[in-house]
Amino acid sequence: MSDDELLKEAREAFQLAADAEAENRREALDDLRFARLGEQWPEKVRRERDLEGRPVLTINRLPAFIRQVVNDSRQNKPAIVVHPVDDASDPQTAEVFNGLIRHVEQSSDAEVAYDTALDFAVTCGVGYFRINTRYAHDDGFEQDLAIERVANPFSIYGDPDSTAADSSDWNTAFVVDGP
């Protein structure tokens with residue numbers, strides 16, 4: 001496949017993902033403005049009240065409820081755990097994997113990634129973190145796994161054909177610079 005064909009295919013897949021997510025993104029952005037920015041009045045009503053000199057009060061109680069959910073999660077920290085599942089599996093190997101995963105989580109500050117993803121998921125319905133690689137040293141080619149926070153959930157476009165609740169069946173995904 002040539003580079004041009006690959007780019008054409010990627011653009012088509014991105015357009016499908018963007019079209020499929022357009023309505024959800026509009027609603028999520030509206031939820032984010034409502035919960036975080038306190039924009040809880042419809043623009044038309046707000047404008048009318050401003051013109052009439054009537055108050056436009058907003059008492060935003062949502063951040064407290066969002067914090068409650070996120071803080072509950074912090075008390076019960078999520079973590080990746082490997083369990084041996086049958087007679088052929090080795091519990092010692094599972095323990096080694098658990099140790100490696102704990103090391104990746106600690107060295108990449110995974111708690112921040114998990115908390116950010118959950119905060120956005122509670123606030124606007126979508127939140128992400130990603131597993132990536134980083135160079136272990138500036139002068140070498142060895143790479144380490146890292147769990148990274150996604151500061152802007154609107155920068156991720158997933159596979160529109162996905163049906164798995166955890167998105168594990170994504171065949172395409174795009175990370176863009178802006179919403």
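Q: Which residues line the largest cavity?
A: This is a predicted model, in which local features need pLDDT of at least 70, side-chain atom pairs count only at pLDDT 80 or more, and totals for chains, interfaces and linings use all residues. Residues are numbered from 1 along each chain as its sequence is written, and side-chain values use heavy atoms, without hydrogens and water. On a 1 Å grid over the protein atoms alone, a cavity is a set of points where a 1.4 Å probe fits but cannot get out, a pocket is an open set with protein on both sides within 12 Å along at least five of seven lines, and lining residues have an atom within 4 Å of a point. For the largest cavity, the lining residues are Arg74, Lys77, Pro78, Glu111, Tyr114 and Asp115.

Q: What is the volume of the largest cavity?
A: The model has one cavity of 30 Å³ or more. Volume here is the space filled by probe spheres set on the grid points, which are joined across faces, edges and corners. For the largest cavity this comes to about 40 Å³.

Q: Which element gives the most to the lining of the largest cavity?
A: By class, this lining has two nonpolar, no polar and four charged residues (Ala, Val, Leu, Ile, Met, Phe, Trp, Tyr, Cys and Pro count as nonpolar, Asp, Glu, Lys and Arg as charged, and the others, Gly among them, as polar). Elements are DSSP runs numbered from the N terminus, with helices (H or I) of at least four residues and strands (E) of at least two. The top contributor, with three residues, is H5.

Q: Which element gives the largest share of the lining of the second largest pocket?
A: The second largest pocket holds about 260 Å³ of space. Of its 13 lining residues, Ala79, Arg102, Glu105, Gln106 and Glu111 are the closest to the centre. Helix H4 (91-107) and helix H5 (110-124) are the elements that give two or more residues to this lining. The largest share, four residues, comes from H4.

Q: How many residues of the lining of the largest pocket are nonpolar, polar and charged?
A: The largest pocket contains about 690 Å³ of space. It is lined by 25 residues, and Gly127, Tyr128, Ile156, Ser167 and Trp170 lie nearest its centre. H1 gives the most to this lining, with five residues. By class, the lining divides into 15 nonpolar, five polar and five charged.

Q: At what angle do the axes of H1 and H3 cross?
A: Axes are lines fitted to C-alpha atoms, for helices over the stretch in contact, and angles run from 0 to 180 degrees between N-to-C directions. Contact means heavy atoms within 4.5 Å, and by that rule Phe34, Ala35 and Arg36 in H1 meet Leu62, Pro63 and Ile66 in H3. The axes of helix H1 (residues 3-36) and helix H3 (residues 62-75) come within 8 Å and cross at roughly 105°.

Q: How is H1 oriented relative to H5?
A: Ala28, Asp31, Leu32, Ala35 and Arg36 in H1 meet Asp119, Phe120, Thr123 and Cys124 in H5. Angles under 35 degrees count as roughly parallel, over 145 as roughly antiparallel, 65 to 115 as roughly perpendicular and the rest as oblique. H1 and H5 pack with their axes 8 Å apart at an angle of about 95°. Relative to H5, that makes H1 roughly perpendicular.

Q: What class is the ring pair of Phe14 and Tyr157?
A: Rings of Phe, Tyr and Trp (its six-membered ring) pair if their centres lie within 6.5 Å, with planes under 30 degrees apart counted as stacked, over 60 as edge-to-face and the rest as tilted. The model has four aromatic pairs. The rings of Phe14 and Tyr157 have centres 4.8 Å apart and planes at 65°, so the pair is edge-to-face.
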